[in-house]
Structure formats: C-alpha cells, structure tokens
Amino acid sequence: MLKIIVQPVDLSESLTDVKIRSSFIERFGGREIVLVHVMNPGLGDKDMVQSRLAHLADELNQVGIQAKSVVTQGHVASEITRTAMELAADVIYLPASRKNVLVSSLLGSTTEDVIRLSDIPVFIHKQRPVLVRTEKVHNIVFATDFRKAASRVWLYVRMLGRFVSKLTILHVGERASDPDTEQLRRENVEMLLNELRAKFTDDFQEVALISRIGSPAKHIIDVVEQIQADLVVLGRLNEPFPSKLLGSTCSRVTSGVSSSVLLIP
Amino acid sequence: MFQDKVFLTSLVIVVVFVLAGVIDPAFLDRTSAALHGAIIAHFGWAYMLSGFFFLVFCLVLALSRYGEIKLGRDHEKPEYTYFGWFSMLFAAGMGIGLIFWGVAEPLSHYMDPPEFIQPETGQAATFAMRYSFFHWGLHPWAIYIVMSLGIAYFSFRRGMPPLISSCFYPMLGDRIYGPIGHFIDIMAVFATIFGIATSLGLGAIQINSGLEHLYGLPSSTGYTLLIILVTTLLFMVSAAVGLDKGIQTLSKTNILLAFVLLLFMLIAGPTSYILNVFTDTIGGYVGNVLEMSLAVNPFLGQEWYKNWTLFYWAWWIAWSPFVGIFVARISRGRTIREFVSGALLVPTLLTFVWFSVFGGASLFLELEQGTNIGMAVQNDVSTGLFLVFDHFPGALILSNAALVLLIVFFVTSADSATFVLGIMTSKGSPNPSLAKKITWGITQSSVAAILLVSGGLTALQRMAITAALPFNFVLLFMCYNIWKALASEARESRLRQYVETST
C-alpha cells in the first residue's frame, strides 16, 4: 500500500540520516523512495543541488533501496504535496526535528502546511520509534470516531498489521447530555469497538480497546504516552471553523505526541 | 428527611449564619461588607459583561434552529394558560420588588444621579426613568431565563431531576451526583434562603410603613415581627394547598389587582404625561441599551453604578436559582422560542408600564406640582408609594389596595420560595413533602425575623450578593451546557433511533 514514498530533504541531513530513515520506511512495503528538495525561487545553484540529491539517491540504490530524486522551486509545502500527487505517491514521509524543543513542540510550519495541504497520507516520524535503537514498531494506536474519516483508515491499519504486533483501538467520544442517552451511547460505543476488534483480530497478535470521554486530542496524546505507543494512526477531517481556530485534532495530536503519526486524508 | 445531604448541609449553614448574625452582628456586618465591597469593586465588569452575554445568549437561542425544541417531550403541551403563566412569571420574578421600587427608584435616581448629571433636573428625570427601565428590564429576565431554561430543558426533556446540578451533566457526567453537584445545589439553597429572607424583611417593613401611614400603627420591630408571623401563616396555607391551586390562584388575583391599580393610576393621574414618559423612555432605552449594558464609567466615577447597577445585577443572579426553578416548573411544554420571547418580553413590558405609571406620576408630582415627594422618599424609601397615593382621589382605597397587593405578593414570593427550596432539597422531587416545605417556610421567616431584630438584615443582603459571584460562573457554565446539549440533540436522537432499530 505504501509503495511510492516521498521523502523531502533540505540537504542539512547527513547521508547516514537519509539511509536510516529510508531503510525504516522501506520496511512498510516500500518499493521506491523519491527524495524531494524544494528550492527558494532564484536562490541557490540548482545544478549543484541536483547533483547532491542524485548522489544521495545513488547511495540508497547501492544499499538496495530503490530511490530517485526530484528538485523543484516554490512554496515548500505546496511543492512537496504537488510533487507527491504528480508521482502518484502513496505517502509523504516527514521526519520531525528533535534539535530544538520549541520547534519540536510546535513542529515546523512546513510540516503543518504539508499536513494541511496533502491529499495523500502523511507519516510524521517523531521520537518513537527510535530508529537507531530498534527500527521496529511494536505498538500502534488507531484513534476512531466511527465516522467516514476513520473508516478510510481501516485498510492502512490492516496493512500495518503485517509489521506491528499490537493494536490499540481508541475511541474518544462526547458525553451525551443525560444519563439515559449516555448509557445508550456507552453500549453503542462498546458494540462498535468490539466490531472493530473482530475486524482486526486476524491482522494483529493483540488488539486492545479503550474508550474515553472528552477532548479527542488530549486523550489520544494521553493514551499514546501512557502505553508508549510507537505510532498513532488518524483519519484526517476537515473540521469546521471554531474547532480549527483552536487547532484541529490532527495538528494538536501531531504536535503533542512523542510517537510517530500516520495521517490518512 | 434529614438523610438528604443537600437539605441537612444547607440547613446547618443557614443556622450558623443566623447564629453569627444574632451573636455577633458587628462581625457579620464587617465580613459581609468587606466581601461585598471587594466583589463589587473588582468584579463589576464581570457582572456587566455576563449580564449582556446572557441577554445575547437568550436572543440567539430564540432565533436559532434550537428555538423549535420543546421544554418537554415533543408531544407535550403547556400546562398553564398564557394568563396563568405570565401572572406567575411576574409574581415570582419581580412582584414585591416592583411595589417597593416602582415609585422609590425613579425618585432616588432623580434626587441622587451619577456625578456627571445635575440632580433634580429634567436630565436627571430622563436618566432616572431610563435606568429604572434598564435595571428591571430585559437583563434580569435574561438571567432568569438562562437558569430556568437549563433546568426546564434538562428536567422535562432529558428526564433529569429539576436541580441546578442536573444542567451540568454534559460537562460533569455522573459527578453531578457527588460533592460537586451537591456544592452547586447547596449554593443555590444558600442564595435563595438569604435572598428571600431579605425580601421578606423589606416587604414586612413596607407593610408596616403602609399600616402606619394609613392607620397610625407604630412602625416598630414588634409590629413588623407580627406582620411576618401573620404572612408566614398565610403562605404556609398556600404552600400546603400546592402549586396549582395556591400560587396560581394568588398570582392571578394579584395580577388582576395590580392591573386595576395600574389602570386607575393611569386614568386618574396625568395620563398624557405618563404616556409621554413611557414613549420617551422606551425610545431612550432601546436606543441606549447597548451602551447601558456595558456602562461602568471608569472615568466619570463608578460609585453610582456600584451602588445601583452592579448591586442589581448581583441581586438578580442571587435570585436566579429560586426564580429559575420556579419558572422552569411552570413552563413545561413550551418551545424554547416561545419561552424566551414570552418570559423576556411580556414581564419586561409590564414592568415598563408599571414604572411609567408610578415613576411617571411621582416625577409629575415632583417636577410639575412641587410636592417635594423626592426628599421624603430619600428619607424613607418604603413610604414612597403611599405618599404618591395621597395626591390621588380615593387615596385610602388605593393605599389599602397596595397593602393587599404587597401582602399577596409577599405570600406568593414566600410560597414559591418554600416550594423551590423543597424541590432543591428533595433530590429534585417535583412534589416536595409538606414537612420540608414547612421546615423551609419557618426557616426563611425565622431568618427574616431574627435578622430584623438583630439588625443584620443588610449584612445578609450583602451575603446573598456575595453568593452571586460564584453563581455568575455557574450561569456562564450553564450556557455552555445548554448549548452543548441542544447541539447534540439531533445526533443523540439518531443514536436512540439506531439503537432502537438494531434491537
């Protein structure tokens, strides 16, 4: 499912960094990695950049990872998403910087923009899983509100079952406005969660269910940190104005968790 | 009866405060003055902003698609006729206060306006009428509506007990049944008992003033206590009879009597002058309502606003649990739009007419006839109404009618309060036991009587205002809960249908 992977590079990365990242994402069934660099219009030497990028791609090819490079000019996030669309990429891989606490917590604006603009899945690689130490994903969280956006994620979760042993399905709901309706809501959530468990039982060694009430972003972050999940998978919704004003659930989760995030539009 | 935590805790708190007022009234006076002063000085802006927000919230609700939602199940119809409903709304929400302040407030503002207005001038009279409208107009009713709408919606449509804590279910969930919920309900009882005790005390003083003015009965504490005793007996009988017969009959009688009095004053008094006052003040009110809603005048001296507007706003908020529960109880089966528009506009319009007639007549006497009635009111506000009647034909009948009106409003307010306190301390039972109603009836009259004797009435009035600050936030959170619950109506209805079909 994740055959063609777009990996933006700003050329500040070392060859080792690019190799480690590429070998990590290749583990999810990747066939080809496309290294993309976006130049500021009118700035920099395009030939030199192309040559450096080609060198990186060659190095990857030499270690058995099929790679190619693309250099474009313009608004960084727009160019990344446009290139990914043109190449019919399956996922955009974005490593989150850990060098600066502030930048890390707020995320680079490019990352946020890519998340916002992209119509294809985006994988944001954060502190977990730690590449150098394990290179493995043990535990993923699938956050669902049982709506359309979440159902689009099912195929990806299933695919991840080939590489991951434990799945935690998390539902964060809104409390009903009276005790009787709340009881109905709880029973309904329990039933839907069990249906999902049945759907994924064959794909994972272990499936756990968690149901909570309150702010989705807050609880997703809380659960992910509590069980030290490596990856959280979310369906991306176009949320209405007031909630977007405070930050969409996706962007709040993405900036708040220590685990990696896979966003499915 | 004593197993109810809210009932027992509230009773203990009330007794402790009363004992404090009896044993060391100076201490209670000092403490309450400090608290009250600090709240009014530092949170005045919060009261003003909140009051305005509640009004906007009510209007938005009524005009939104949620306006179609019923305060009850979809098939339910209103329990009371419009006349019965408006009568009870008016009697519970304003009643006794209007009789007390109908003459006294416009004259007080006229004699003692804010620093930037020259007293005893035409400008002061215009200001006096406009602010009397403002203090008793849309804003108090918006505060009451928020409270009663929350209670009515969550109890009649969502099947929860008619308690203030029930309105917090979307936010707190099952925690409303624990200490947080109890705390909210105890605060409501606290505000209600002191609010009503103070009003009963003031009402009894005015009845005594009327009796002195008419029959020469000495205006003394002993007689005031006797008045409290007699009226207590009257409202206990009304409370024992129950809501449908007692309060409704009394309210209807009272509104008829008030209407007759109003009509007589309009016809026998300076009719054109009164109608001019009404028209002019309505125009001034509508044109300036936004400015008045947020006026605290930091640059022109705030004292007047602290003493009047902020005091009233805190006072209405303190009264909101009592009026809210009562109004909710009588509004079952109405749609939100009907409820908001009815409860916001009709009592407000009646209040405006009342102030125009009584305030207009008193200002006519003061400005055009030179009766010097303003000075007399400044000395004793409780005598204002009777002094105005002296200048009308049939003064004796009018004053007697006003006395009856006062007594009946007194009984209705006390009866409603007893009923509401019973509900609040019976886990929201719509029909509280007679024992509880009697307990609260005796308690509130005793509180009024003891405080009257010990001189702590003002202190307790301040305490009721102090209790309004947390209640202001309770009301704001209530708006959030109401909106959240209304917004989830459609979704939850689909859930119920889905569960029903799948089972």
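This is a predicted model: local features need pLDDT of at least 70, side-chain atom pairs count only at pLDDT 80 or more; totals for chains, interfaces and linings use all residues.
## Salt bridges and polar contacts between the chains

One pairs the side chains of A:Glu174 and B:Lys484, at 3.3 Å from N to O.

## How much surface is covered

Chain A brings 14 residues to the contact and chain B brings 20, with contact meaning heavy atoms within 4.5 Å. Together the chains bury about 1,400 Å², 53% of it on carbon and sulfur atoms. A:Glu174, A:Arg175 and A:Ser177 supply 41% of what chain A buries against chain B, more than any other three residues. (Buried area is the accessible area, with a 1.4 Å probe, that two parts lose on being put together, summed over both.)

## A closer look at A:Glu182

A:Glu182 sits in helix H8 of chain A, residues 179–200; helices are DSSP runs (H or I, at least four residues), and strands are E runs of at least two, numbered from the N terminus. With 1% relative accessibility, A:Glu182 counts as buried; the cut-offs are under 20% relative accessible area for buried, over 50% for exposed and partly exposed in between (1.4 Å probe, protein chains only).

The side chain of A:Glu182 makes a polar contact with that of A:Arg185 at 3.0 Å. Leaving out residues up to four places away in sequence, A:Glu182 touches A:Arg175, A:Ala176, A:Ile213 and, over in chain B, B:Tyr169.

## Two loop residues

A:Leu11 isn't a glycine, yet has a positive phi of about 70°. You'll find A:Leu11 in the loop between strand E1 (4–8) and helix H1 (15–26) of chain A, and at 14% relative accessibility A:Leu11 is buried.

B:Lys427 also has a positive phi, about 55°, without being a glycine. B:Lys427 lies in the loop between helices H16 (395–424) and H17 (434–454) of chain B and is exposed, at 62% relative accessible area.

## About the numbers

Residues are numbered from 1 along each chain as its sequence is written, while chains are lettered from A and ligands numbered from 1 in the order in which they are written. Local features need pLDDT of at least 70, side-chain atom pairs count only at pLDDT 80 or more, and totals for chains, interfaces and linings use all residues, while side-chain values use heavy atoms, with hydrogens and water left out.

Notes: A salt bridge is a side-chain nitrogen of Lys or Arg within 4 Å of a carboxyl oxygen of Asp or Glu. A polar contact is a pair of N or O atoms within 3.5 Å; within protein, one must be able to donate a hydrogen and the other to accept it, and residues adjacent in sequence count only if both atoms are side-chain atoms.
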